[in-house]
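User: I have a structure open and would like to go through a few parts of it. Can you take some questions as we go?

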Amino acid sequence: MTAPQWPRIEDVCTSAYAVPTATPFEQDGTLTWDRTEIVVVEVHAGGHVGLGYTYASSAAATVIEATLAEIIRSGEVSQPQRTWARMQVASRQLGHSGLAAMAISAVDIALWDLKARVLELSLADLLGRFRPAVAIYGSGGFCNLTEDELAAQVADWREVGARHMKIKVGADPGQDPARVEQLRELAGSEVELMVDANGAYDVPAALAHAETFARLGVSYLEEPLSSQNVSGLAAVAARAPAGMAVAAGEYAWNLTTLEHLLDAGAVHILQADVTRCGGITNMLRIDGLCRGHEIPFSAHCAPAVSAHACAAMESARNIEYFVDHARIEQLLFNGTISPEDGALSPDPGRPGHGLSLDQARAQPHAVA
């Protein structure tokens, strides 16, 4: 077999976009927003372009340009993990969380995509595909939605075959039981109900609300407390109603934080976001952590890339098909895949993750 001829990395380009929400604003248990920002990085080598992104402020693009670009240019297409390690060292003074972690995640995704394209392999197959497809769950259900707006989201999830659906809770706890009942009526009896509090509760409130949600048929409670409150999450996980799984980890920036959640028994399902936690390189390591603790994994958002990473993770249970990210990725990128029969299936015939930036559609949303 002839060894591949690895091209030299020639350039690194970044761009940033801000996409307004589909309604005037969206609300979860702790935050209200009217737009989502995304930073895109493209790495060029030998006529190939590897693309990565992170849902972060445009300041993450500055981190890439000022701190990481020269490391990327001097790296080898064949060695994304080595470049990842060098970026960690270079960002030491910035801290290994927040913007630096998101910038590195975006670059790492681009480098793995670039390597797969050079080898003419699907990214999922380059990583070592464990399964052909990964189940999704419909996610959105913002606290401020009208009944008709929630019904429209649920109809979209039903159309793609989602068998798990999640809404936000915590902004107005008194209204949440009625909203869960509406979700059940719209979704049907066969759908698993899930709620996400985005860290809105303390331990006593979380346990009380968990009992209410359990009586309404909810089997998945995400971030009843912040992922940083490891001891509090552990207390909730230990006393949660039978049959209810506690999930957290979406705001973890590194393996250490995720390992603390696992070691403390703070979660029944571990989450991480490929655009925050260290990219593809760390997602593969997270799979090992989950297998070692015999805990399932659920990917937070970014479905276009999460589909490839999770197809290669033995521990992966599902991918959050978040309405904002699904809409933004379909707007900005060519080559996104859509769920079929409740799952995302990376195409083995398309090199890399298959995404390319659509300049014409993206430009109106560019951040100067």
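User: In which hand does α2 pass α3?
Analyst: The crossing of α2 past α3 is right-handed. Bear in mind that this is a predicted model.

User: What angle do the axes of those two make, and within what distance do they come?
Analyst: Helix α2 covers residues 80–90 and helix α3 residues 98–118; their axes cross at roughly 165 degrees and come within 9 Å. That makes the two helices, α2 and α3, roughly antiparallel, as an angle over 145 degrees counts as such.

User: Which residues meet there, α2 against α3?
Analyst: From α2, the residues are Pro80, Gln81, Thr83, Trp84, Met87 and Gln88. They meet Ile104, Val107, Asp108, Leu111, Trp112 and Lys115 of α3. Sorted by class, the contact of α2 with α3 has 7 nonpolar, 3 polar and 2 charged residues.

User: Switching to the inside. How many residues are in the largest nonpolar core?
Analyst: That core has 85 residues, and Tyr53, Ile286 and Phe297 have the most contacts inside it. Helix α11 supplies the largest share, 6 residues. There is another core apart from it, with 27 residues, including Ala16, Val41, Ile104 and Val118. In soluble globular proteins, nonpolar side chains tend to be buried together.

User: What does Ile286 touch?
Analyst: Leaving out residues up to four places away in sequence, Ile286 touches Leu255, Leu258, Leu270, Ala272, Cys277, Phe297 and Met313.

User: Now the backbone. What is phi of Ala302?
Analyst: Phi of Ala302 is positive, about 40 degrees, although the residue is not a glycine. Most residues other than glycine have a negative phi.

User: Where does Ala302 lie, and is it buried or exposed?
Analyst: Ala302 lies in the loop between β12 and α11. Its relative accessibility is 0%, so Ala302 counts as buried, the limit for that being under 20%.

User: And Glu294: what is its phi, and where is it found?
Analyst: Glu294 also has a positive phi, near 55 degrees, and is a residue other than glycine. The loop that holds Glu294 runs between α10 (279–293) and β12 (297–299).

User: Is Glu294 buried or exposed?
Analyst: Glu294 is exposed, with a relative accessible area of 67%.

Notes:
Residues are numbered from 1 along each chain as its sequence is written. This is a predicted model: local features need pLDDT of at least 70, side-chain atom pairs count only at pLDDT 80 or more; totals for chains, interfaces and linings use all residues. Side-chain values use heavy atoms; hydrogens and water are left out. Axes are lines fitted to C-alpha atoms, for helices over the stretch in contact, and angles run from 0 to 180 degrees between N-to-C directions. Helices (H or I, at least four residues) and strands (E, at least two) are DSSP runs, numbered from the N terminus. Angles under 35 degrees count as roughly parallel, over 145 as roughly antiparallel, 65 to 115 as roughly perpendicular and the rest as oblique. A crossing is left-handed if the near helix is turned anticlockwise from the far one by less than a right angle, and right-handed if clockwise. Contact means heavy atoms within 4.5 Å. Ala, Val, Leu, Ile, Met, Phe, Trp, Tyr, Cys and Pro count as nonpolar, Asp, Glu, Lys and Arg as charged, and the others, Gly among them, as polar. A nonpolar core is a set of buried Ala, Val, Leu, Ile, Met, Phe, Trp, Tyr and Cys residues joined through side-chain atoms within 4.5 Å. Buried means under 20% relative accessible area, exposed over 50%, partly exposed in between (1.4 Å probe, protein chains only).
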